[in-house]
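Notebook open, viewer open. I'm jotting things down as I look them up.

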Amino acid sequence: MLRIIDRIIKFPLLKNDRKPIIPLSKEQEQAIQEFLNKVERGEYKLVDYPCICGNSEDILIAEKDRYGIPLNIYLCKNCGTIRSGKVLDRESLIKFYSDDYSKIYVSTSPDVRFKSQFIRGKDFVRLCKDCGILDKIENVFEIGCGAGGILAAFKEIGLKVSGCDLDREHLEYGISRGLNLLYGDYRKVLHSLGSKQDCIILSHVLEHFLDPINELEEIAKKIKVNGYILIQVPSLYSHQFNPILTFQNAHTIQFFDPEFLSFTLENLGFRVVCLELTPQLTIIGQKRIRKNKHISFNKNKEEIMKIQYRLKRAYISTVPVQVYTKLQKYPTLRKILSKVFHKIKN
Ligand SMILES: [Zn+2]
């Protein structure tokens with residue numbers, strides 16, 4: 001099977017034809033065009049992004065993202081990390097999160113986002129309890145908290161919570177629900193809070209960092225000794241999760257695997273308390289006294305081959321979505337197909 005898939009499906013999996021592979025609303029189409037205009041006018045700057053392992057040998061996986069935005073996505077032949085070949089520079093990224101992010105990606109309203117975050121927050125509370133660390137945490141800070149639903153789940157059980165984000169609308173919603181949420185870059189916000197935290201959460205944030213290892217090192221300084229860091233990222237290693245459908249312009253920068261994350265945390269002086277692989281990859285690390293920093297991410301050829309195979313298999317599962325998207329102009333045909341799919345599924 002592996003050989004057949006390998007022979008039939010070739011990289012790059014997505015060619016740069018500017019066509020989206022997922023259905024988009026009119027508002028999303030407009031927001032994407034606005035984003036492209038800003039890049040064209042030079043308002044947003046894209047810069048080359050080499051792999052964090054320092055290697056420069058890559059396989060080109062895709063030439064566009066799921067929205068049809070031109071972008072080279074690479075698989076590093078050395079460490080197996082998947083990343084965007086170009087990213088928005090720090091200044092553009094901040095503007096992007098303030099002005100474009102919600103319009104393109106989160107077509108949900110703040111209250112809908114809050115609810116889904118709250119479910120995730122409950123799951124984090126459960127995980128902390130299962131690991132036996134919940135009673136050791138008094139305060140929680142979340143970087144990129146959005147509407148604050150995750151924090152609300154921790155507040156519900158009596159913990160002190162705070163968080164920051166760059167989306168004012170979503171923050172305001174959380175504030176109206178009684179949460180202590182602050183606007184701004186996390187470095188400045190954490191600095192202004194002064195005291196160190198028992199637990200810092202990064203839920204679907206690390207994959208968007210420009211310099212994840214150094215940024216994690218800085219975040220670690222804001223955690224008390226014996227305190228915790230809880231990280232959740234999308235995982236290439238989950239069956240329900242499809243990396244191809246999550247390729248998103250210069251915004252999702254890289255995909256991590258469990259070994260990579262464990263190794264990074266250990267090298268930054270954390271002890272891995274738990275690692276859970278559901279559709280997402282969740283890891284909790286406990287801060288210890290600093291160890292030597294020695295990070296090396298080499299993988300052998302066989303492991304890289306396995307990742308390639310996984311990507312090709314993931315691509316196959318996007319085909320029905322792509323067909324469905326192409327039928328956007330034929331709503332009746334789409335309705336019939338959707339009914340047929342539904343019948344087959346059930
Ligand atoms: Zn690499």
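Looked at Leu-75 to start: it stands opposite Ile-82 in E4. I see 3 bridges joining strand E3 (residues 70-76) to strand E4 (residues 82-84), and the two run antiparallel. For the labels, helices (H or I, at least four residues) and strands (E, at least two) are DSSP runs, numbered from the N terminus.

Before going on, a note on the source: this is a predicted model, where local features need pLDDT of at least 70, side-chain atom pairs count only at pLDDT 80 or more, and totals for chains, interfaces and linings use all residues. Residues are numbered from 1 along each chain as its sequence is written.

Sheet. Two strands count as paired if DSSP finds at least two bridges between them.

Ile-61. I left aside its neighbours within four places in sequence and listed the contacts of Ile-61: Phe-11, Pro-12, Leu-13, Ile-73, Tyr-74, Leu-75, Ile-82 and Leu-311. Contact here means C-beta atoms, placed from the backbone, within 7 Å.

Core. The largest nonpolar core has 70 residues, and Ile-61 is among those with the most contacts inside it, as are Leu-151, Ile-200, Ile-201, Ile-229, Leu-230 and Ile-231. A nonpolar core is a set of buried Ala, Val, Leu, Ile, Met, Phe, Trp, Tyr and Cys residues joined through C-beta atoms within 7 Å. Buried means 20 or more other C-beta atoms within 10 Å of the residue's own, exposed means 12 or fewer, and partly exposed is in between, with C-beta atoms placed from the backbone. Strand E10 (residues 223-234) gives the most to this core, 6 residues. Domain 1 (2-106 + 298-345) and domain 2 (110-287) both contribute, so the core lies between them. Apart from it I found another core, of 5 residues, including Tyr-44, Leu-88, Leu-93 and Ile-253.

Domains. The bounds come from an automatic or database domain assignment. I get 24 Å between the centres of domain 1 and domain 2, taken over C-alpha atoms. The contact takes 37 residues from domain 1 and 24 residues from domain 2. What gives the most to the side of domain 1 that touches domain 2? H12 does, with 8 residues.

H5. Helix H5 (residues 110-130) has 21 residues and reaches 30 Å from first C-alpha to last, close to the 30 Å expected at 1.5 Å a residue; the expected span is 1.5 Å times one less than the number of residues. Its buried residues are Pro-110, Arg-113, Phe-114, Gln-117, Gly-121, Phe-124 and Cys-128. They cover an arc of only 90° around the axis, which puts them on the same side of H5; the arc is that of the directions from the helix axis to the C-beta atoms. On the other side of H5, I find Ile-119, Arg-126, Lys-129 and Asp-130 exposed. The cover over the buried residues includes helix H6 (149-156), helix H7 (168-176), strand E9 (197-203) and E10. Just after H5, Gly-132 takes a positive phi of about 75°.

Thr-282. Is Thr-282 buried or exposed? Thr-282 is buried, with 21 other C-beta atoms within 10 Å. Beyond its neighbours within four places in sequence, Thr-282 is in contact with Leu-127, Gln-232 and Glu-276.

Terms used:
Two residues are in contact if their C-beta atoms, placed from the backbone, lie within 7 Å.
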